[in-house]
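Subject: Structure handover

Hello,

Here is the structure for you to take over. Please load it before you read the notes.

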Amino acid sequence: VIIPTGDDVVAVFRATGEKTQIVMNAIEQRTVIPYFQPIRNMVNGKAECHEVLSRIRTDKGLMDAESFIEVAEQLGVVGKLDNVIMEHAFRKVKEEGYEGFLFLNLSPKSLIIKDFIPDVLKLTEKFGIAPSTIVFEITERDTVKNISLLEKFVHALKAEGFKFAIDDFGSGFSSFHYIKHFPIDFVKIEGEFIVHMAADRKNLALVKTMVILAQEFGIQTVAECVEDEKILEAVKRLGINYGQGYHIGSPSPDLSR
């Protein structure tokens with residue numbers, strides 16, 4: 001049993017307060033930075049898609065999304081944060097003439113905000129982005145209690161031409177509810193299964209099952225966490241459509257890779 005000292009408690013509150021200030025400043029000054037990780041077609045090897053990842057530049061270096069998204073959600077400003085990152089990412093797409101798919105990993109809490117649909121439509125129109133090239137990722141780990149409300153917003157965005165992906169597919173039961181009831185275009189298979197499938201028959205069987213299920217629904221598959229050549233070859237053998245991971249490409253401010 002470890003009992004925190006008064007100094008420990010002060011340190012925790014100080015760290016939380018610093019992150020809060022960093023997030024609020026980043027939103028106000030619109031200094032959230034988009035990084036792009038390539039998602040490659042497993043047949044032709046081309047980077048036909050990129051996932052947008054959020055970064056905040058601080059005096060101590062870049063802060064990745066895992067370090068500040070939870071704080072933004074607690075503050076109720078995650079929608080504003082997503083809006084900033086979308087604007088910067090769309091501007092980059094226009095500047096570089098990028099025509100591939102752009103995956104945006106947004107919290108479902110952002111999707112059901114009243115102004116989200118009008119705001120994203122304004123941004124696509126402003127930068128001349130075709131909605132059919134934008135793929136919103138939904139992850140069940142950040143799901144909302146009112147699934148029917150989320151479903152309504154998903155269908156409304158789908159009607160405008162946007163696409164959808166399930167992130168971390170297979171990590172829980174909500175994923176199956178999503179592909180049954182939502183108009184899903186891509187599933188991103190949970191990286192834990194991908195990493196271990198080359199050496200573990202159970203993980204391999206699970207991935208095979210998910211690929212077959214996606215194919216039955218006419219959904220494209222993306223393998224997450226492709227970290228080495230052995231995993232890459234296994235992904236190709238299973239007929240998975242796309243791959244993403246550090247062996248394929250690291251996140252970068254450059255979209256042209």
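The notes below go through strands, pockets and salt bridges.

This is a predicted model, in which local features need pLDDT of at least 70 and side-chain atom pairs count only at pLDDT 80 or more, while totals for chains, interfaces and linings use all residues. Residues are numbered from 1 along each chain as its sequence is written, and side-chain values use heavy atoms, with hydrogens and water left out.

**Strands**

Helices (H or I, at least four residues) and strands (E, at least two) are DSSP runs, numbered from the N terminus. Two strands pair if DSSP finds at least two bridges between them. Buried means under 20% relative accessible area, exposed means over 50%, and partly exposed lies in between (1.4 Å probe, protein chains only).

Start with β5, residues 134–139. Six of its six residues are buried. That holds on both faces: I134, F136 and I138 cover one side, and V135, E137 and T139 the other.

β5 has a parallel partner in β4 (residues 101–105), with four bridges between them. In that pairing, L102 sits opposite I134. β5 also pairs in the parallel sense with β6 (residues 163–169), over five bridges. There, T139 has D167 as its bridge partner.

Next comes β7, residues 186–189. F186 and K188 point one way, V187 and I189 the other, and all are buried. Three bridges join β6 and β7 in the parallel sense, and A165 stands opposite F186. β7 pairs with β8 (residues 220–223) as well, again parallel, over four bridges. Here F186 has Q220 as its bridge partner.

**Pockets**

The search runs on a 1 Å grid over the protein atoms alone. A pocket is an open set of points with protein on both sides within 12 Å along at least five of seven lines. A cavity is a set where a 1.4 Å probe fits but cannot get out. Lining residues have an atom within 4 Å of a point. Points are joined across faces, edges and corners, and a volume is the space filled by probe spheres set on them.

The largest pocket holds about 1,100 Å³. Its lining runs to 34 residues, and E51, L53, E66, N105 and D167 lie nearest the centre. At least two lining residues come from each of β2 (47–58), α2 (65–75), α3 (78–96), β4 and β6. For classes, Ala, Val, Leu, Ile, Met, Phe, Trp, Tyr, Cys and Pro count as nonpolar, Asp, Glu, Lys and Arg as charged, and the others, Gly among them, as polar. On that scheme the lining has 15 charged, eleven nonpolar and eight polar residues.

The second largest pocket holds about 310 Å³. Of its 14 lining residues, E18, I22, R57, T58 and D59 are the closest to the centre. The largest share is from α1, with seven residues. By class, the lining has five nonpolar, four polar and five charged residues.

**Salt bridges**

Side chains of opposite charge can pair when their charged atoms come close. The rule used here asks for a side-chain nitrogen of Lys or Arg within 4 Å of a carboxyl oxygen of Asp or Glu. By this rule there are eight salt bridges.

E51 and K188 form one of them, at 2.8 Å from N to O. E51 is in β2 and K188 in β7, so the pair ties together parts that are 137 residues apart in sequence. E51 counts as buried, at 7% relative accessibility. K188 is buried too, at 0% relative accessible area.

E87 takes part in the next two. Its side chain meets that of R91 at 3.4 Å, N to O. These residues are four apart in α3, so about one helical turn separates them. E87 is buried at 12% relative accessibility, and R91 is partly exposed at 28%.

E87 also meets K126, at 3.4 Å, N to O. This pair links distant parts of the chain: E87 is in α3, K126 is in α5 (residues 116–126), and they are 39 residues apart. K126 counts as partly exposed, at 49% relative accessibility.

Best wishes
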